[in-house]
Amino acid sequence: MPGKQQRQVLETIGDRCAALWNAVQYRCRQAFFKGEPVPSYAALCSEFKEHPAYRALPAHIGQEVIKKARKAWDSFFACLRLYRKGELERPPRIPRYWKDRRTGKRTFCVIPVKAPTSYALDSRTLSLTLPRDLREKHGGRLVLHTKGVLRFHGTPKTLELKYDRVKKRWYAHQVVEVPEPARKTRPEKYAALDLGARVLAALAVEGLDRQILFSGREVWKDFLYWTKQIAEEQSRLNQAGRKTSRQLRRLYQVRTRRLKHAFVALAAEIARILKQHRVTTLFLEDLTGIREDMDFGPKNLLVHNFWAVRQLRNLIEAACTRAGIRVVPVEPRGTSSRCAVCGSPVKRPARYKVVCERCGCVWHADANAALNILLWGSSKGHGAEATPLKPLALRWDRHRWVSRFESAAGTLYATSGSRMAARAA
Ligand SMILES: [Zn+2]
């Protein structure tokens with residue numbers, strides 16, 4: 001929360017970072033276009049040691065800008081290799097300058113700081129080493145008030161100050177090295193998760209006779225609502241002969257954040273359930289077979305679905321790892337085409353339903369799939385589980401994941417008895 005003067009200081013430092021970034025990119029791009037090798041980080045550091053743009057910044061910021069600029073090339077070359085192997089649809093673009101595309105003017109966006117020797121961050125303040133020429137005027141260091149929660153505790157590493165042009169606010173992103181969570185030696189217990197779009201996640205836990213389904217309905221409904229808002233703003237802009245606006249960027253940001261909110265909460269809820277049931281290993285189906293489940297909603301939703309499910313997968317993996325639960329990816333192997341009770345092929349009269357003719361079971365398709373992954377993963381044969389009970393469906397109420405019949409105030413996935421108790425309370 002910088003004050004007015006502090007904002008100007010941040011903008012000055014940000015602009016100097018952009019100047020150095022652009023100088024480094026110019027050097028690299030020239031080398032690339034001439035067919036010469038792009039200089040390494042070490043080579044760039046010694047080349048730019050006396051450069052005025054580098055000298056105008058504290059060493060810990062200057063070095064980090066060069067490192068970041070060089071990393072952009074690493075990632076460009078990595079993408080280029082993937083593209084040549086046919087694993088990317090479009091060729092990657094070479095690293096760009098930090099400038100406004102419309103006006104061509106240089107813009108600041110990030111101030112990277114290498115190590116905590118040049119900054120200090122606690123829950124209230126962030127202090128920063130200033131460039132030499134600004135020190136006297138501003139009393140040595142820049143001390144900013146901050147708002148937020150420090151979620152992770154460990155060894156602090158690099159810090160990035162980012163300016164959000166839509167919100168017109170500065171944000172600090174800190175890397176913290178957290179020690180690997182100690183995994184207690186507990187008896188192995190397994191769970192399995194099947195990911196999709198209609199049902200975002202279907203969870204089967206060993207020893208639990210009901211599977212838990214996380215419905216995607218409300219999440220996508222909300223996503224489509226904001227998509228519609230975006231389309232309306234775009235048509236307004238078209239009529240005015242413009243391409244973009246701050247309002248449009250804001251709408252995109254809101255849509256992304258609301259989707260992510262639901263996903264982060266889902267991942268946390270799964271980690272919580274697994275911990276509660278003392279699960280040690282989670283089998284997570286790989287995403288290769290997922291596209292069939294996604295052909296619903298307007299056409300452009302399909303692309304979003306694919307990226308969204310991948311993001312959800314990463315969030316779940318991270319949440320489980322933090323909770324000390326091992327995550328094992330599982331190849332999809334016809335998990336939805338066999339009955340989890342007897343193993344014989346099933347019929348699928350509706351998308352969400354599978355029927356086994358041999359044992360007469362009627363399953364929710366995703367619950368069946370999750371249980372199949374669990375049986376396969378824990379290498380237990382079919383027939384181990386009893387007849388399927390109706391799975392427990394959770395929906396997103398825009399704050400948390402609740403059972404379909406519960407209000408937001410109730411406890412999550414309580415049994416009917418304790419749900420009544422919660423109601424009465
Ligand atoms: Zn069966």
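Arg398 counts as partly exposed, because its relative accessibility is 41%. In this predicted model, Arg398 is placed in the loop between strand S15 (392–396) and strand S16 (401–403). The phi angle of Arg398 is near 75 degrees, a positive value in a residue other than glycine. Most residues other than glycine have a negative phi.

A second case is Lys168, whose phi is near 55 degrees, again a positive value in a residue other than glycine. Lys168 belongs to the loop that lies between strand S5 (155–164) and strand S6 (169–177).

## The zinc site

The zinc ion has four protein donors, namely the SG atoms of Cys339, Cys342, Cys356 and Cys359, which lie 2.3 Å from the ion. Along the chain, these donors follow the spacing C-x2-C-x13-C-x2-C. The arrangement around the zinc ion is tetrahedral because the four donor atoms subtend angles of 100 to 119 degrees, and the tetrahedral class requires all angles to lie between 85 and 135 degrees.

## The crossing of helices H1 and H2

Helix H1 spans residues 4–33 and helix H2 spans residues 41–48. The axes of the two helices come within 12 Å and cross at roughly 120 degrees. The crossing of H1 and H2 is right-handed.

On the H1 side, the contact is made by Leu20, Ala23, Val24, Arg27 and Cys28. H2 contributes Leu44, Glu47 and Phe48.

## The chain as a whole

The protein chain has 425 residues, of which 42% count as buried. Its secondary structure consists of ten helices and 16 strands.

Contacts between residues at least 6 apart in sequence were also examined across the protein chain. Among these contacts, 63% join residues at least 24 apart.

Note on methods: Residues are numbered from 1 along each chain as its sequence is written. This is a predicted model: local features need pLDDT of at least 70, side-chain atom pairs count only at pLDDT 80 or more; totals for chains, interfaces and linings use all residues. Side-chain values use heavy atoms; hydrogens and water are left out. Axes are lines fitted to C-alpha atoms, for helices over the stretch in contact, and angles run from 0 to 180 degrees between N-to-C directions. Helices (H or I, at least four residues) and strands (E, at least two) are DSSP runs, numbered from the N terminus. A crossing is left-handed if the near helix is turned anticlockwise from the far one by less than a right angle, and right-handed if clockwise. Contact means heavy atoms within 4.5 Å. Donors are N, O and S atoms within 2.8 Å of the metal (3.2 Å for Na, K and Ca); water is not among the atoms, so sites may look incomplete. Four donors count as tetrahedral if all angles lie between 85 and 135 degrees; four count as square planar and six as octahedral if opposite donors are over 155 degrees apart and all others between 65 and 115; anything else is irregular. Buried means under 20% relative accessible area, exposed over 50%, partly exposed in between (1.4 Å probe, protein chains only).
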